[in-house]
Amino acid sequence: LLLGSVVLLAVFLYNRFFVTRKQNQIIARQKEIVDLKNKEILDSINYAKRLQSAILPPLEKIKQHLDFDIFYLPKDIIGGDFYFFETLGTKLYLAVCDCTGHGVPGAIMSVVCHQALKKSIHEFGLNKAHEILTQSRELVMEQLHAPEQNIKDGMDCSLIVIDTVNFTYSWAGAYNPLWIWENGAFTELKADK
């Protein structure tokens, strides 16, 4: 009886050892697959970051015209926040924008919205902030086929156009206000839709 119990226990332990070893091999293989997929996803996101960074103007270009710094710290590797700077003739166009979505969807929206701003200025020849934002919104809606799909994506934006000859500016904000620091205090110009 004792010998039978020992043999039965040995068979049971051998079986458990074999099953455990097989399970560990399966887990190790699944971990390899997950690690590989994770690497592929991160490589893709990092490449998208390089592409998204290409739309951001270099700070040196901005400093040729304006004396300030930009603090740009995205929450994720890529996302919907971006800053915009263009020059055309005697006008400077500066905007800070927050597109709907985070991560990859936000990054895609930022590229679409950036191109809409650029097209509004260069192809449509607009130079008033509210006209640029209105045209950009229409271009984004058109790009996304928004009316047919009932899409409510877009961007919050604060855009200022500075005329460097007349020393005047126009500003418009879509959900993003303008803060003016003057005489030691802030004044807020509210944005609208």
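**Salt bridges in the model**

Searching the whole structure turns up eight salt bridges, where a salt bridge means a side-chain nitrogen of Lys or Arg within 4 Å of a carboxyl oxygen of Asp or Glu. This is a predicted model, so local features need pLDDT of at least 70 and side-chain atom pairs count only at pLDDT 80 or more, while totals for chains, interfaces and linings use all residues. Residues are numbered from 1 along each chain as its sequence is written, and side-chain values use heavy atoms, with hydrogens and water left out.

Let's start with K31 and D35, whose side chains meet in a salt bridge at 2.7 Å, N to O. Why this spacing? K31 and D35 sit four residues apart in helix α1 (residues 2-54), so about one helical turn separates them. Helices here are DSSP runs of H or I with at least four residues, numbered from the N terminus. D35 is partly exposed, at 39% relative accessible area; that label covers the range between buried (under 20%) and exposed (over 50%), using a 1.4 Å probe and protein chains only.

Helix α1 also holds K37 and E40, three residues apart, about one turn of the helix. Their side chains form a salt bridge too, with N to O at 3.7 Å. Both partners are partly exposed: K37 has a relative accessible area of 46%, and E40 comes in at 41%.

Next up is the pair D69 and K63, a salt bridge whose closest N and O atoms are 2.8 Å apart. Here D69 is exposed, with 56% relative accessible area, whereas K63 is partly exposed at 42%. As a general point, side chains of opposite charge can pair when their charged atoms come close.

Notes. Helix = DSSP H or I, 4+ residues; strand = E, 2+ residues; numbered from the N terminus.
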